[in-house]
Every structure is written in structure tokens, then in C-alpha cells.
Amino acid sequence: MIRLALAGDNRFVEPYLSVVPHIASAQICAVAASDASLASRCGAQPAADLGQLVARHTAEWDAVVLDATCGTAAARQAIEAGKHLLIRGELQVTQSELDALNALSRDRDLRLMIGCETRFGPALQTVKDSITSGQIGDPGLLRIHRWETADQERQTLTCSPQREIDLACWLFDASPERVFAVNHSAVAPTNSADYLQIHLGFPQDGMALIDISRSLPRGDNYFSLSVIGSTGAAYADDHHNTQLVFGGGSATAHRTTETQAALLAQLQEFLASIDERRDPAASLVNQRLVLRVADAVTQSLESRQAISWDT
Amino acid sequence: MEPFRCAVLSVVKHAYVPRGVSAHPRFELVVVADDPDCPEWVHQRNRQFADENGIPYVTDVAVALNDYNVQVAVVSSQAERHCDLSIRAAAAGKHVVLDKPMSTSVSECDRLVRAVEQSGVKCLMWNRNFLPALVHARELIASGAIGQLYALHVDFYFSKDCGPSKGSRGPDDPPIDWLQHQIAAHADGSDGGVGQEPMGELKIEGIYPLAYVRMLTGVGVTRVFAQTAAHFHQVTADNQVEDLASVTLEMEQGIVGSLSIGRIGAASHPDIGEIKLHALGTQGGLVVSEARPEVAVYYRNQPAHEFRHRRVAVDNDYLLMDNLAQAIDGDTSTILDAHAGRAIAATVQAALESGRLGQPQDVEFVN
């Protein structure tokens, strides 16, 4: 049985209360969130934050699922406390900080997994399977649209492409050789872009085109991903997965969610990597590549030129 | 009101343009014509179309333009002849309906723009801007439903085959001849690139999605970055043209966008292809499937090549010709005139150059 701690804000923690019971070999033993009732709902020890978890309850948990917004200092704290660590979300980290976390976790023989749960969702797993099985042949074009609302609570309007870069590298199973990017300020202040568009060039003429927006008004987000391969194509599009609600006036479209399935699959992979004493999928190697490509995106934005390198 | 009499100047591709012209009661096809020194396969197709429509075929373009009391020329030749035939028609004082692409050369497009301006005739590039989904998108954007438009993307994939798949050519097999392949492709209507000069998807089909972009944004493209590849078909690989491309578009007024285009193979979609528009504005977003409204029809032993989804309520042909009629009557511009066609050709040229060089390229922009 792997004893889990959860650390993050209430929105981050709550879904795990219904996800973890799916896993026979895991149990939530500690929760660090502002809402203490979240801990009591699953019979776990409450704490105000990760620091308190480490200080007061460190003997009661083996691994922690940490909200990426808690930052690298919290990540280091968890590893130094001897805990396996899943950082879920887009971690704002430099290459050197990442290397330091990696070294720290390896010294202690701890599993460290970083990234968004997106690739673990059933839709994208199906897309990936269509590639690895050979059904759709060599991937030629990956097209992603990700539109989100401006997150006023977190005051983060700038678009981070980490999640999409990770998806692109994972689906092509390669590192890009060329990067070109443009951005735009739609509703954000002019010194902060809330729209980002990225071209990635992969070996064998593979290409990815990604647009990320954080300008939608409060409400639903939108995600669409398609892979055009040499012998077929896969389309994972929210447009296809909406239901209609007629409540007077124009019909509204509501997406049937798969978020919990993605969280569960990511967590299962993390736990399996602990049990099997191996690197998890979406490992440090992936994160290093993501950061390198994200740096190239920044360079392209600044130079208005495509950035190329040999892989 | 007497209909406009139309001379069809070459109809070597699937004849959707002249048929579309004749869908409007104000336009009447009266003659088919072509140059006498065309290859026999061109004459055959011209004759066949003329016979099907009960109109004469003459091997003299000047005779058709001058002796049949026509007011409109409908040009549907090989792409490399589009501008020459159109210029001759404009010089003879005839309005022009022109199949895509405008030309494979921007300089030829410039010649046509000048000819149209000097003669004062109207020019309509054939397009799909009056498909019901595009009309709906235009209305929504114009109504402010998503605020001020700042980004527009078109994913434009035709799920059509194009001969044998890439990698299928044996080591001793010769490269596939472009023209011969296109001539053979006439049988299933996938001969949009017919002509001596090989063309990739950006040249063959790019005008359609770029016309969407131009109509919905109202501005021109100033800079592009593109990636291109021959990914699917042996004929495109053999002729060094692309069948897959992704293009970032930087436009006037800071608008950004993209075009993803490809001839992706019949297996890659249940019908003609995934064609979608994604628009972002300051107050929302819009996702439009170009094919809708459509009806899905499935039945036992349905042929594999038959589309399962059938577009309905499509009035594009009539509305295009109505647009031309109004332009002639009211001396206004058509929805996609020679200037716009030229701008799109320049965008395509810049995209191909960008794909070749691996760097963004400015569009040779003339507003």
C-alpha cells in the first residue's frame, strides 16, 4: 500500500478524493489544502501546506501529489523529506533547477514525475495508440487548439506551452528540430501575451502547429487535437464531444468530461513507477526537452525568426 | 432580363465551375472554346462538355469571344493557362469567372489585375465563401458574438487519394509523370492540379481557405512561416511538391492565424475531409465545421468510396453567380476579385518559399 499525500489548492486536491479510491494499492493519508474538510472526507491528516505536512506528518505518507503552482521550493522540500513526488501541472522551473531536483531524487532513489495529466487522458491515449500501432502510419501533422479562460484568480495571463510541447514530442516520439512562434495580446495588458502560436518541425518532415489562448471569457475551455498520418488520421476534438442543452434561447453545448480518467491514469503510472522502481513515463528527460523547446519558443518570439538545432 | 451569355474557355477539369455558372438563371452557357494547338485530350474534354450542354465547340478563342455575343468568359483550363485566357477575355471586354488557382505565378496574376483594371470588367475567382457554414461564421463574427476578431485558423484537409502512396515506387520504376497522373485522375474528379506544371496543395486548393481568411478578417496577410512536405503520395514526392503544409499567417491590424492543408488520403476521414474554422476574438471563440449542415447516410454494402455524410442546403454556386451579377449591375467588386486572387497567390508563393528556406517570409503585398 502506498500512502499518498496531496498538496495544493482546494480545486487541485478535491478530484483526487474520488480518483484514489479506484486504486487498491494507494490510500490518501494526508492532505495539505486550505479546506480542512477535504482531509476529513477521506480520513486523512490535515495540514495547511506542504511544510506543515513535512514537519508534523512525515512518517505517515510515502509519496506526494503536488500542485505545480506550489513551486520548486516545495518540490525540493518533499524530496528532501524522502518522498516520491508527482508534480502535476506546468512547473515553472529552469533547466538547472530541474537538474538539481533530478539529482536530489536520484540520490535518494525516489521517483520524480513532472507534467500535466493531459497525455494520460483516454482520448489522447487512443490517439497515441493509433500511432504506435501503425494504424495511421507516420505522423505528418499534429494540430492542437487549446483555448482557456483568463485565470483571474491566479493572475496568470501568459500562455505557457509546456503541456502542448510535451504532447507534441510524445506523439512524434522525437525532439523538434525547428521552432517558430508568434504571440498576441488579446485581452491581456500589452506587455503580457495571452495568445501563443507555435510551429514545431520534427524529423522526416513532421510538423506541429499549436495555438494556445487564454482570452476566453469565464466558462468552458476548448481543446482539439488531430494527428494526420501517412495512412490515416485521428481526431480528438471537443467539438465532437459536446452535448446540447435547450434551456430557452439558443442551445448551449456542454462537453462530456474525461478529466478524472486522465488524473487516474497519471496517478496509476506514478504509483507503478514506484512499485516497479523505474523511471515514470513523462520523466525528467521529457521535462528537460520541454524546457529546451520552450526556451526556443521564447527566442523565436524575440527574434521573429525560426530557431533550428541538430537533434 | 436577358441572361449574361457565357463562353467557356477550356474545361479540362471536373466541370464544377461552368456548371456552377449555369446554376444561376441570369447566366447561360452558349459556347465552349479553346486554342487550336491544345493537346487532343483537351479538345476531347471540351467537346464532351459542349455536347453534354448542347452548345458548339470552337477551336478559336477569339471567335468565341467576339462572334457569340458573350458578356462573360468562364475559364477552367490547366492552371498555367488561367491568366492568359482570362487576360484575353478581359481585353475583349468580357467579365471573367476564373477557376482556381488564379495562376502558378504571381507575375501572371499582376498581368491579369492590370488587364481587369484597364478594361473595367468584373472578375470572380471561384470560391466557397457562400457555403452555409461560412455564411453563418461571417454573420456571427460580424455580429460581435466573439468580440473583436484577433486570430483565425483554417484546417483544410481533403481526404482524397492521389495515386500510389509515398514509398511505393520500386527502385527501377520511373518517377510518376505529373500531367499523365492528372489526366488519369479525371475519372474520379481529383484532377485539380491538371497541367504541365506540378502543383502542391497550397497552389491547388489554398485559395479556398485563404479566401475564408480574407473574407472573415477583412485584411491581408503580410508575413508567413510555413512547413511543407510530400507526406502521403508518390506523385507529389516524385514531382517535388507538397501534399501537406502548415502555415502561420501574420496579418494586418495584428491579426494572426494559420492554415493547415493537405491531400491526406481517402482513409483519413469518413467523408471529404476535416475542414474547420477556429476563430478567436476578444470576447470569445468560434468553432465551425465547414461541412454543416449535413446528413449522415449509411447502408449495407455501401461502396467504400461513397461519402457517409452528405452536405445539404448548399447554395454556393448560385450565390457566387448572384454576387457576380450584382457586381456587374452595380459596378461593385465581387466577393473574390482579381486583387484578392493576386494577394492569395502571393501568400501561397511566400509560404512555399518559407517552407523551402525554413524561415518566415514577407508576402509581396499590394493592398
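Predicted model: local features only at pLDDT ≥ 70, side-chain atom pairs only at ≥ 80, totals over all residues.
The predictor assigns the complex an ipTM of 0.92 and a pTM of 0.92. For chain B the average pLDDT is 94, and 99% of the residues score at least 70.

Chain A is divided into two domains. Domain 1 covers 2-115, while domain 2 is made of 119-256 + 291-308. Taken over C-alpha atoms, the centres of domain 1 of chain A and domain 2 of chain A are separated by 27 Å. The contact between these domains involves four residues of domain 1 of chain A and five residues of domain 2 of chain A. On the side of domain 1 of chain A that touches domain 2 of chain A, one residue is nonpolar, two are polar and one is charged.

Chain B is likewise described by domains, with domain 1 spanning 4-121 and domain 2 spanning 132-362. The C-alpha centres of domain 1 of chain B and domain 2 of chain B are 23 Å apart. Here 26 residues of domain 1 of chain B are in contact with 27 residues of domain 2 of chain B. On the side of domain 1 of chain B that touches domain 2 of chain B, at least two residues each come from α1 (16-21), β5 (95-98) and α5 (106-119) of chain B. With six residues, α5(B) gives the most to this side. By class, this side of domain 1 of chain B has 14 nonpolar, seven polar and five charged residues.

The contact between the two chains takes 36 residues from chain A and 37 residues from chain B. On the side of chain A that touches chain B, at least two residues are supplied by each of β7 (139-149), β8 (178-184), β9 (195-202), β10 (206-216), β11 (222-229) and β12 (233-237) of chain A. The largest share of that side, six residues, is from β10(A). The residues of the side of chain A that touches chain B divide into 16 nonpolar, 15 polar and five charged.

Chain B contains an open sheet of seven strands with mixed pairing, in the order β12-β11-β7-β10-β9-β8-β15. Its edge strands are β12 (284-289) and β15 (361-362) of chain B, each of which pairs on one side only. Within the sheet, β7 (residues 149-158) and β10 (residues 256-263) of chain B pair in the parallel sense over eight bridges. Phe156(B) has Ile261(B) as its bridge partner in β10(B). Helix α6 (residues 132-142) of chain B packs on the sheet and touches β7, β11 (275-281) and β12 of chain B. The direction of α6 makes about 170 degrees with that of β12(B). A further helix, α9 (residues 207-217) of chain B, lies across β7, β9 (244-251), β10 and β11 of chain B. Helix α9 runs at about 160 degrees to β7(B).

Cis peptide bonds are found in chain B at Lys100(B) to Pro101(B), with omega near -5 degrees, and at Arg292(B) to Pro293(B), with omega near 5 degrees. Pro101(B) is in the loop between β5 and α5 of chain B, whose flanking elements β5 and α5 each supply at least two residues to the side of domain 1 of chain B that touches domain 2 of chain B. Pro293(B) lies in the loop between β12 and β13 (294-296) of chain B; β12 of chain B is an edge strand of the sheet.

Asp205(A) is placed in the loop between β9 and β10 of chain A. Both of these strands supply at least two residues of the side of chain A that touches chain B. Asp205(A) counts as partly exposed because 17 other C-beta atoms lie within 10 Å, a number between the limits of 12 or fewer for exposed and 20 or more for buried. Asn69(B) is located in the loop between α3 (61-67) and β4 (72-76) of chain B. With 9 other C-beta atoms within 10 Å, Asn69(B) is exposed.

How values were computed. Residues numbered from 1 in each chain as written. Chains lettered and ligands numbered in written order. pLDDT = per-residue confidence, 0-100. Domains from an automatic or database assignment. Contact = placed C-beta atoms within 7 Å. Nonpolar A, V, L, I, M, F, W, Y, C, P; charged D, E, K, R; others polar. Helix = DSSP H or I, 4+ residues; strand = E, 2+ residues; numbered from the N terminus. Pairing = 2+ DSSP bridges. Axes fitted to C-alpha atoms, helices over the stretch in contact; angles between N-to-C directions.
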